Amino acid sequence: MMTSNNPDYFDLIPEYLQGTLDPETHQKFEQEMETNDSLKIEVEDFSKFRTMYHEIDAHTDQPSDSMFHKISNSIDQLEIKEGIDSKETSQFQSFRLRILEVVSELKDSLTIPWGIAVLQTAVIVLLLLPGTSQTIYKTLGSSPPAISTQTDNAYNIVFKQTTHESEIRVLLLSVGGTIISGPSEEGR
Amino acid sequence: MIENKMLDEEYNLAVLTAGGDKAAFRIIYDKTYGRVFRYVKKLVRNDEMAEDVITQTYTAVWEKSSSFRGTGRLTTWIIGIARNIAFNEFRKNTFHSRFSEEHMNADRSSQNIPEHLDRKEKLKQAISALSPKHEEIIELVFFQDLTYPEVSGIINIPVNTVKTRVFHAKQALKRELSKRNITYDDI
């Protein structure tokens, strides 16, 4: 039974003899051989057998065109078979994909109109909601005169339906304004 | 510690092949055919079966090239595929398996050993007299230059078992050589 003082280096014997160890490991291996007789003997033994085996029979065939042709035919046959097998699968899958596409298109096509519809509903709801009186008076009371005689700016002011004419007149007078036109001279 | 540049080149070839590049596949075939075919011929010892296994092997290489990770050599990977295919054929009983119990128990030592054979022929005969397992391990380690972990991966046995099998294969070969009057020192 093979014994080993250092299994790691014994594992590397094939690579050492093939010259495929990296430089650092190669150096360590050679250092190990200087002090490890078992490793040295095993390397010599391995090398002897390797050389002998190569001497006995090192022949390998050259790549054969006829063999490659056979392999290509085999691949073509395989691909034809896979094509037949996958055709049924792909028909089902394309039908399934089409269904998904239609659903997706439907969703996309409905998204914008639905979005607009929701927005419009929200605006209507907001408009129908009773506002706070503070909001109305705040607009006039907290800012400088909204109408300038020097410009043609026009402002639409929406009053609550329950607002009385007298209240409007009081408000207008407080900002130096009057009713100049409207549903009636009284502002109704 | 296989040269990284070579591994990268082989990996790139596999990637191209996976993408349907027949030219890259041909390069893989040309680079690996010699060693792979030699291994298969020794494994199955039947020319017809060897060609069949090779055809199936490279067809599988074409199909599975996307699964090649590039961490080891292409030849090693392909030999592994070839071995699996060969053993599948053995299981189908299409061809006689050299690895069957019957062959393994055959008394190889009673082979007639002609005296007139030259040294080289005697060496060849000594190797042929080994059990299939020993002959395979010697081919993989001493000719295909596979490392113990690579052999372990192909044959699907632990690395320590590979080392043990190599040891016993060498001992068996020494015995066969001595029967043919070739001493270890004469090697």
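Student: In this predicted model, at what angle do helix α4 (residues 74-91) and helix α8 (residues 148-155) of chain B pack, and are they roughly parallel or roughly antiparallel?
Tutor: The axes of α4(B) and α8(B) lie 9 Å apart. The angle between the two helices is about 30 degrees. Angles under 35 degrees count as roughly parallel. Therefore α4(B) and α8(B) are roughly parallel.

Student: Which residues of α8(B) make the contact with α4(B)?
Tutor: The crossing of the pair is right-handed. From α4(B) come T76(B), I79(B), G80(B) and R83(B). By class, the contact has three nonpolar, two polar and two charged residues. The α8(B) side consists of E150(B), I154(B) and I155(B).

Student: How are α2(B) and helix α7 (residues 132-143) of chain B oriented: roughly parallel or roughly antiparallel?
Tutor: Their axes are 10 Å apart, at an angle of about 160 degrees. Angles over 145 count as roughly antiparallel. So the relation of α2(B) to α7(B) is roughly antiparallel.

Student: How many residues in the contact of α2(B) with α7(B) are charged?
Tutor: α2(B) supplies R35(B), R38(B), Y39(B), K42(B) and L43(B). α7(B) supplies E136(B), E139(B), L140(B) and F143(B). Four are nonpolar and none polar; the charged count is five.

Student: Which residues lie nearest the centre of the second largest pocket?
Tutor: This pocket holds about 300 Å³ of space. Its lining of 16 residues has three nonpolar, four polar and nine charged ones. Nearest the centre are D57(A), R38(B), K42(B), R45(B) and E135(B).

Note on methods: Residues numbered from 1 in each chain as written. Chains lettered and ligands numbered in written order. Predicted model: local features only at pLDDT ≥ 70, side-chain atom pairs only at ≥ 80, totals over all residues. Heavy atoms only, no water. 1 Å grid on protein atoms, 1.4 Å probe; cavity = no way out; pocket = protein on both sides within 12 Å on 5 of 7 lines; lining within 4 Å. Points joined across faces, edges and corners; volume = space filled by probe spheres on them. Nonpolar A, V, L, I, M, F, W, Y, C, P; charged D, E, K, R; others polar. Axes fitted to C-alpha atoms, helices over the stretch in contact; angles between N-to-C directions. Helix = DSSP H or I, 4+ residues; strand = E, 2+ residues; numbered from the N terminus. Parallel < 35°, antiparallel > 145°, perpendicular 65-115°, else oblique. Contact = heavy atoms within 4.5 Å. Left-handed = near helix turned anticlockwise from the far one by under 90°.
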